[in-house]
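My notes follow the order in which I looked things up.

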Amino acid sequence: MTAVIYARYSSDNQREESIEGQIRECTAYAEKNGITVIKHYIDRAISAKTDNRPEFQRMLQDCRDGKIDMIITKSVSRFARNVVDCISMVRMLAELPSPVGVFFESECIFSLKDDSQMALSFQATMAQEESHIRSRSMETSLRMRLDGGLPLTPKLLGYSHDADGNLVVNPDE
């Protein structure tokens, strides 16, 4: 059997080691089970929304074109953090003329097994909730900074920050 590996990280502050770790663990699973990995699809610093990920979309098209037997991914949250997206993608892949299974390494779930749907739904729900919690946490942090008079400002051409963090005109720029 042949397979591809799908890996992703969602923000610029996550390191390349995240991708390398995902690939290493998925490759180890494949080798242990006699599966030949033929390609890696990697989305770097891309949102969890599946329609915004070019490599994910390319992988799905290759599945539709019959080029892929199986997808191995580190976890449900790397595949999709939206329950509806995750379940609909897995079902679409299973209903192709040549069904494609997804193996979620961390959760040890293989989507083509009859008993995988409930476990996958549960894990996808957990991934979605984790995403919502992180989003709310970031919003709260930003609100607290603003309330405390500490706005987040990127480096602006023509301005610098003084010792107190205030923006001041930089005459050299």
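I began with a working rule for patches: a residue qualifies with over 30% relative accessible area and no salt bridge, and nonpolar side chains are joined within 5 Å. The model is predicted.

**Surface patch.** I looked for nonpolar surface and noted a patch of about 350 Å². Leu-156, Tyr-159, Leu-167 and Val-169 make it. I then checked Tyr-159, which sits in strand S6, residues 159–161. Tyr-159 counts as partly exposed because its relative accessibility is 37%, and that class runs between 20% and 50%.

**Whole chain.** I went on to the overall make-up. I find five helices and seven strands. Read from the N terminus, the order is β-α-β-α-β-α-α-β-β-α-β-β. The chain has 173 residues, and 35% of them are buried. I put the accessible surface at about 10,400 Å², with 53% of it belonging to carbon and sulfur atoms. Among contacts with a separation of 6 or more, 59% join residues 24 or more positions apart.

**Sheet.** Next I traced the strand order. Five strands form an open sheet, S2-S1-S3-S4-S5, and the pairing is mixed. S2 (36–44) and S5 (109–110) are the edge strands, each pairing on one side only. Helix H2, residues 54–64, packs on this sheet. I see H2 touching S1 (2–9), S2 and S3 (70–73). The direction of H2 makes about 145° with that of S2.

**S4 and S5.** Last, I checked how S5 is held to its neighbour. S4 (residues 101–104) and S5 run antiparallel, joined by two bridges. Phe-104 stands opposite Ile-109 of S5.

Key. Residues numbered from 1 in each chain as written. Predicted model: local features only at pLDDT ≥ 70, side-chain atom pairs only at ≥ 80, totals over all residues. Heavy atoms only, no water. Patch = residues over 30% accessible without salt bridge, like charges linked within 9 Å, V, L, I, M, F, W, Y side chains within 5 Å. Areas by Shrake-Rupley, 256 points an atom, 1.4 Å probe, with all protein chains shown as cover. Salt bridge = Lys/Arg side-chain N within 4 Å of Asp/Glu carboxyl O. Helix = DSSP H or I, 4+ residues; strand = E, 2+ residues; numbered from the N terminus. Buried < 20%, exposed > 50% of the residue type's maximum accessible area, 1.4 Å probe, protein only. Contact = heavy atoms within 4.5 Å. Pairing = 2+ DSSP bridges. Axes fitted to C-alpha atoms, helices over the stretch in contact; angles between N-to-C directions.
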